[in-house]
Amino acid sequence: MALRTSAFPNWFVAAIHAIGWVLIVPCFWFLDRFIASWKSTTLEKSLREEQECYLHPLEVFFSSILFFILFLIACPFAFIGFLLWAPLQACRRPFSYHRETKIPEKESNFKLTEKTSFGFATANLCLLPDSVARFNNLGHTQRRATAIGQRIAHGVHRPQIRIIVESPSSCGTLSPSVSILSEGSSPCPEATSKQIAPAGGTYGSTDNHNTVTKPANVEAVIPNSDMDDQLIDSPTTPLNSNQNSNQQDRPRALLSRGHSSDDNIIWEMSSLFPTNLDVICLEEVFDKRAAQKLITALKPVFGHILYDVGVYACQPPCKCSTFKFFNSGLFVASRFPVLQAQFHFFPNSRGEDALAAKGLLATKLLIGKNERQKDVVGFFNCTHLHAPEGEGVIRCIQLDMVTKWIADFQAANTVPDEDVVFDVLCGDFNFDNCSPDDTLEQNHSLFEMYIDPCRAGPGKEKPWVSGTLLEQPTLYEEDVNSPDSLQRTLGDEKLRKQYISPPVPAAGQPLVYPENGQPWIGRRIDYILYRQSSLSKHYKTEIEEVHFITHLAGLIDHIPVSVRLGIKKDVEDTENIEE
């Protein structure tokens, strides 16, 4: 049975809650604008210097006075709204569910073959109130939300390009990034005709195009061609225009894709979101209006969306030990219906993190039916851990909670006759696998339960991995402010050092990084993990592709990550079970 869409048990409670929120919003917005008027991003500062704008101090002075006066006027109404809004949080379910009825359900025509695959992605969007986002050097939250939603939808729903290499050392069928195609051969005319400018320009058209047609698959067969097993790229495309013709310099484009022979994983620094993603988890979608803009953009592609995830006001209810001003920021968009969902917030957050209800969202998704007409399901879990550096003990306690909550959720929601085909955990963990300061988290038992496809061991990354945390002061520099330029930067180790956050040294100790012979990777704090032990016995999983995505360059301070998880069905085991 599908979830109800409303977070409240009946329409009357929902209406009272809406009235209270309407009274609160003006006061909140005026305060947000008052603070934002004093805080500029580095892009805004550079634009003012180029335009020689000397009236900005006067603009700040008068606008801040105006917004402060309006804030004071709105305060009494906000107080009345708060008295209506706060008590109702005790009966609010900690998430809302959007179910799009205008697109066909994917599971209605989904047939689980002997081997199939599912695509998952995660991204931290920093969609905070505008004044708060500016402290991360990101402004214009609403415009960014619209642009982000459009870019994800266009990237995910573009035609899938399949390149089949006919040679003795053929790697099989590849799905390369469309970024390596020339503009004239772009398979997504809609995406190219609606270019979204990088931050600082226009963040995208205000038109909302909700009609998305099913993408066509384009297949190209390449005759005999010798390909380096470590560096796979499309031989049908011209070299990048920025590429140096000197034979001593390897083309940057070639460093953005590859095949790891050790674990048979195709990896890519992709300038577009991979096609046909099935589930995507977004973090730091704290702003309610921004969440609605994401829903508008994504609902033609992802028919099932969980948003406004988290708790508010005094938590636990009737106790004033902690007051939650923000929700968890988690946002899940899925092509598959959500059968069950459960949220838990971390009770041990402190400092600025205690103002938000960060926690774990566990979901059970209906994938389809097996041969015996029993449900085929998958478990998808997402989280956002404690942020401040040097507080690994808090994060380890939260990881303990995550493993317990997932186990409890799956024990309560697993039916004996159904098939479980994937169990994924993803999100922003706020620790990496290279910083000496994060040693405690790197050795947590979670990594014995779940597999990290990018990790070679505690404190050691695989050589093709990229860091995912960008240096905030340099977000708008030419090397990283567009999808293509950031893609090239990730493929150049010297440039990567300038723009990816470096490891955090242990307290009182000098940092020695990287080790001799190892590449410089940087902080990878965004994870997608999977495990085999919780699946039905006749299903096996393996990672097929890993993507580090630059499609949202200039809009966020993280690099999104996606994986394609192959599900192999053991036919012999299935026949034995049926007998």
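Lys364 is buried, with a relative accessible area of 4% (buried means under 20%, with a 1.4 Å probe and protein chains only). The structure is a predicted model, in which local features need pLDDT of at least 70 and side-chain atom pairs count only at pLDDT 80 or more, while totals for chains, interfaces and linings use all residues. Residues are numbered from 1 along each chain as its sequence is written, and side-chain values use heavy atoms, without hydrogens and water.

Lys364 lies in strand β14 (residues 359-369); strands are DSSP runs of E with at least two residues, and helices are runs of H or I with at least four, numbered from the N terminus. The side chain of Lys364 reaches the backbone oxygen of Asn413 at 2.5 Å. A polar contact links this Lys364 side chain to the side chain of Glu418 at 2.9 Å (a pair of N or O atoms within 3.5 Å; within protein, one must be able to donate a hydrogen and the other to accept it, and residues adjacent in sequence count only if both atoms are side-chain atoms). Beyond four places in sequence, Lys364 is in contact (heavy atoms within 4.5 Å) with residues including Leu339, Phe379 and Phe409.

An open sheet of 5 strands runs in the order β13-β14-β15-β16-β19, with mixed pairing. Strands β13 (338-345) and β19 (526-530) stand at the edges with a single partner each, so one side of each has no neighbour in the sheet. Strands β15 (residues 375-384) and β16 (residues 419-428) pair in the parallel sense over 9 bridges; pairing requires at least two DSSP bridges. Thr383 has Gly427 in β16 as its bridge partner.

Notes:
Buried means under 20% relative accessible area, exposed over 50%, partly exposed in between (1.4 Å probe, protein chains only).
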